[in-house]
Amino acid sequence: MDHGAHQTGTAHDHAAHANHAAHANHAAHANHAAHANHAAHANHAGHQMGGVTWGAAAKATLHCLTGCAIGEILGMVIGTALMWGNVATMILAIALAFVFGYSFTLFAVRKAGLDFKSAVKVALAADTVSIAVMELVDNGIIALVPGAMDAHLSDGLFWGALLGGLAVAFVITTPVNKWMIGRGKGHAVVHAYH
């Protein structure tokens, strides 16, 4: 009798074990499916929220920085060489930074086949905020560095403040560009023409 009870108990244990294994497999499958769905949802949300990489944002900022740097350095050099006052030199540098910043984008989208009027609209939409933030930061730093505004082209302080300001502007403008590109604004409007 004990033997029969043992067999019944063993059968019960096997059935319980089989049920437990099935339940564990089902739970694991459900967890896996839930995880897969969560990952897919997260990826989908990333696209909706503009899952743009820091690399893409840095590339867009570098594109903008190149034009800004050329225009700003040229403006500072011209203003300093002509012995203009600080305000006039800074205005020229900022104006040229916008001109060169826009022209890089304008050239790229025109090359892609866009008409001039549309290309101007794309350049304005793509670069205005980025250039404005960059110029505000860069010129703010130059204005705050003691003696930088009065330094001459041959002074290390002139170049140190100018290049240091551009470097800080790059670091601050990159997250701004990442945020804007992620929302389909800023440099994102140019991507259709690359």
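Is Phe-98 buried, partly exposed or exposed? I find Phe-98 partly exposed, with a relative accessible area of 23% (buried means under 20%, exposed over 50%, partly exposed in between; 1.4 Å probe, protein chains only).

I note the basis. This is a predicted model: local features need pLDDT of at least 70, side-chain atom pairs count only at pLDDT 80 or more, and totals for chains, interfaces and linings use all residues. Residues are numbered from 1 along each chain as its sequence is written, and side-chain values use heavy atoms, without hydrogens and water.

I looked up aromatic pairs and found two (rings of Phe, Tyr and Trp, its six-membered ring, with centres within 6.5 Å; planes under 30 degrees apart are stacked, over 60 edge-to-face, the rest tilted). Phe-98 pairs with Tyr-102, tilted, at 5.8 Å centre to centre and 50 degrees between the planes. They sit four residues apart in helix H3 (residues 86–111), so about one helical turn separates them. Helices here are DSSP runs (H or I, at least four residues), numbered from the N terminus. Tyr-102 is buried at 18%.

The other pair is Phe-158 with Trp-159, edge-to-face, at 4.9 Å and 85 degrees. Phe-158 is buried at 6%; Trp-159 is partly exposed at 31%.

I then checked H3. Its buried residues include Met-90, Leu-96, Tyr-102 and Val-109. The buried residues of H3 pack against helix H2 (54–81) and helix H4 (116–144) (contact: heavy atoms within 4.5 Å). After H3 comes Gly-113, with a positive phi near 105 degrees.

Terms used: Helices (H or I, at least four residues) and strands (E, at least two) are DSSP runs, numbered from the N terminus.
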